[in-house]
Amino acid sequence: MQIIEVHTKSRPSTVFCGAGSAEMASEYLRGAQAFVVTDTNVSRLYSERIAQLFPGAPVCVLPAGERYKSRTSLFRILDAMLDARLHRSSVVVALGGGVIGDMAGLAAALYMRGTRIVQMPTTLLAQVDSSVGGKTAVDYRGVKNVIGAFYQPERVYCDPLFLETLPPREIRCGLGEIIKTALLDDSIGQKIRENTGRLHDLAFLHDLAADCVRFKAGIVERDETESSGLRKCLNLGHTTGHALELLCGRRSHGEYVLIGLWLESFIAEGEGVCTPAYAQEVRSFLSLVQPRIPRIPNAAEGLRYALLDKKNNGGDISFILPKARGEYAELALTPERYERYLNILAGEQA
Ligand code: ADP
Ligand code: ZN
């Protein structure tokens, strides 16, 4: 069991990574009024286990999928919390992927101005990334994460048992954020380079997840609310990734991050942020998990969405680009210049 403390100013949280952490969550919440939020898929697979872990707790089951990360789902959770007469010391348990974690986290932040929240991420993506750091949100009017709050979970329990039922595609999504982190922290990069054959071994992935959590904890501790600029580094590959996610929406976040990293490696190279050799290394790293990068249709439309990205100031589009092993650089491009890359790349793949 790896235990990682996240010393954030608003509220410290503790992350438990390893087999048996679900049982630890159960013990931790014994005697508390627990309220479980999950989705239809997780409920179908784990309803008995949920009942065992949290006996008697109400379970709010939401439809699965990114498109249900909505105001409607948020208010369904809040309604169910009210119906269950939760009070401020009740504990919301977010048991699911990133979508459930984001929505249950926001509901917990809002209900009575803040109830307790424990995250139990069940996807690799959520275990690696979204369950840690306190970002909560829903999408609204086509804008991703536009209604949200920073609200730290008091505990995060990452149990590898849940990964066994994940479809391969969901594993690849988690790998998207793992590769991103490996580009920012070369000790993780090194571990992957030495174990390329193990990238589909769940035990190895779970071990990498703990490394990623440790890296993210270090960043979040120093810049909890993305104000000093440090936390921005976690957006490597995300400018393009988010734009495509909004535009195409068929794949999931982690896969768009992989595609975004791929496109942005060309930008880094073209703008002189990194050497052509390093850009090539980034792409060969990505090809370990996504051998074929899909063609990007309608690049101009993608650009329009990128411009809505709330990270941008003014007209230019801001990117976090790979610079060298474990290093990144921030760069702003005019929409025209960015569009040129998108067009070239869309053409190249045609
Ligand atoms: P994320 O990839 O951000 O974690 P979601 O919360 O949408 O995104 O989860 C991705 C999909 O995986 C959803 O359809 C969800 O119901 C499903 N899912 C979540 N956990 C598991 C699990 N342990 N086994 C199988 N499917 C799962
Ligand atoms: Zn991400």
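Which side chain holds an N or O atom 2.7 Å from a nitrogen atom of ligand 1? In this predicted model, the side chain is that of T165. The protein covers 90% of the 560 Å² of accessible area that ligand 1 has on its own. Two elements each give two or more residues to the shell around the ligand, namely α2 (40-53) and α4 (98-110). Of these, α2 supplies the largest share, with four residues.

In total, 16 residues surround the ligand, and the closest are D39, G98, T122, T123 and T165.

At D39, an N or O atom of the side chain lies 2.7 Å from an oxygen atom of ligand 1. At V99, by contrast, it is a polar backbone atom that is found 3.1 Å from a ligand oxygen atom.

For helix α6 (residues 168-184) and helix α11 (residues 276-287), the axes come within 10 Å and cross at roughly 150°. Because angles over 145 degrees count as roughly antiparallel, α6 and α11 are roughly antiparallel to each other. The crossing of these two helices, α6 and α11, is right-handed.

Conventions: Residues are numbered from 1 along each chain as its sequence is written. Chains are lettered from A and ligands numbered from 1 in the order in which they are written. This is a predicted model: local features need pLDDT of at least 70, side-chain atom pairs count only at pLDDT 80 or more; totals for chains, interfaces and linings use all residues. Side-chain values use heavy atoms; hydrogens and water are left out. A residue is near a molecule or strand if one of its heavy atoms lies within 4 Å of it. A polar contact is a pair of N or O atoms within 3.5 Å; within protein, one must be able to donate a hydrogen and the other to accept it, and residues adjacent in sequence count only if both atoms are side-chain atoms. Accessible areas come from the Shrake-Rupley method with a 1.4 Å probe; for residues, only the protein chains shown count as cover. Axes are lines fitted to C-alpha atoms, for helices over the stretch in contact, and angles run from 0 to 180 degrees between N-to-C directions. Angles under 35 degrees count as roughly parallel, over 145 as roughly antiparallel, 65 to 115 as roughly perpendicular and the rest as oblique. A crossing is left-handed if the near helix is turned anticlockwise from the far one by less than a right angle, and right-handed if clockwise.
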